[in-house]
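Good morning, colleagues. I shall present one structure today, beginning with the terms on which the description rests.

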Amino acid sequence: MRTRTSVVTLSLALALTAGPLAAPAFAAAPPAAECTMDAPDAEALSAALDGLPNADATAALVRVGGCGGSWRGSSGVHDLASGRAADPDARFRAGSTTKVVTAAAVLRLAAEGRIDLDKPVQRYLPGLLGKRFRPITVRQLLDHTSGIPAGDGLGTTFEEVYAHRFDTLTPQRVAASAGAKDPEFRPGKQQHYLNINYTFLGLLIEKVTGRPYASEVTRLVLAPAGMRDTYFPGTDPRIRGPHNRGYQRVQRADGTTELLDVTEWNQADRFAAGDMISTTADLERLITALFQGRIVPESRMKEVFAVPADVTGASYSAGGLQRFEIEGTVYWVKSGGRYGYNSAIAATEDLSRTVAYSVNSTDAKSADANPVVTGIIMAAVK
């Protein structure tokens, strides 16, 4: 029962080119250790994907790897109209898994001496935060202890934001609206996971490099990880290349429900917090390259797993990841959720088990655990 409770809790958390520089010193890949993980449970994983499409999801793509072996699977449909099989190599909206890429880029720039994690972000981005804000360090943005409140959006309900799905809300406007409010709490005293922290980090990357966020993180993170099918669409509402359609379940006035196609959507306001489009193979490459020390230099690798020790209940690290423990095994996790799409990456620090999935959830922003997601997680961490 404790294991199931932990996994359900985890599933809830999982449901949101410049000129050459001096080469940083990267950590060598950790030496091979005796494998303590069994091979992925193929039968349980296959069962978790059975029956799609259903009321909770129209498709699912899963990759489980590690020292015990690997498993790949897909289920469901490319789209409801044709009913043809889901593309196992499809691109999807990766949502907040983008934060791992943003954090890795910031840590690389810190290793190059271009960002000081312990200096106030106000020094880098003067004028964005009002005078009511105390100094907020870059590190406090990374681990969500800044106290900056959420910025304005294009609505508070699905109906409102759907009506504006092709409109552009710039990250600069989002950041300015947050900076005009009162702080939520004194920096470093609490941990509150909010996109706004990574919106500021994306603007910081642009300020110190003089280049667009997408260009810099491609150079610093995507290229070293070999993430060839990952990109940032900006104001383009489409998903380029092969992809499975995303749907949102909505209720009609007569009480019946329908599945609304939400594949096309301008996500510019998500920016460095959640604008990425990726594949399960690329997400697997990301977590593997990151934990092997091939993205963040050795001098900054400890930050990837650094959860603030003096903040009660903290679980998010400066690497954009969340710490979960299941029966004594620690997993480092990041999820993402955009309408029509849930995704996540998870791994043990020694990479004895890795998980990457995309689920075309019919209610991707729900606060309740999606049964398909829960089933995948329970099967993957066995």
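Helices (H or I, at least four residues) and strands (E, at least two) are DSSP runs, numbered from the N terminus. Axes are lines fitted to C-alpha atoms, for helices over the stretch in contact, and angles run from 0 to 180 degrees between N-to-C directions.

This is a predicted model, in which local features need pLDDT of at least 70 and side-chain atom pairs count only at pLDDT 80 or more, while totals for chains, interfaces and linings use all residues. Residues are numbered from 1 along each chain as its sequence is written, and side-chain values use heavy atoms, with hydrogens and water left out.

I begin with the sheet. Its 6 strands form an open, antiparallel arrangement in the order β2-β1-β10-β9-β8-β7. At the edges stand β2 (71-76) and β7 (322-326); each has a single partner strand, so one side of each lacks a neighbour in the sheet. From one strand to the next, the twist averages 15 degrees. Two strands pair if DSSP finds at least two bridges between them; antiparallel β8 (329-338) and β9 (341-347) are joined by 7.

Helix α13 (371-380) lies across β1 (57-65) and β10 (354-361), and runs at about 165 degrees to β10.

Which backbone details deserve mention? A cis peptide bond, with omega of about 5 degrees, joins L52 and P53. P53 belongs to the loop between α2 (42-48) and β1. In the loop between β9 and β10 lies L351, a residue with a positive phi of about 65 degrees although it is not a glycine.

Conventions: Contact = heavy atoms within 4.5 Å.
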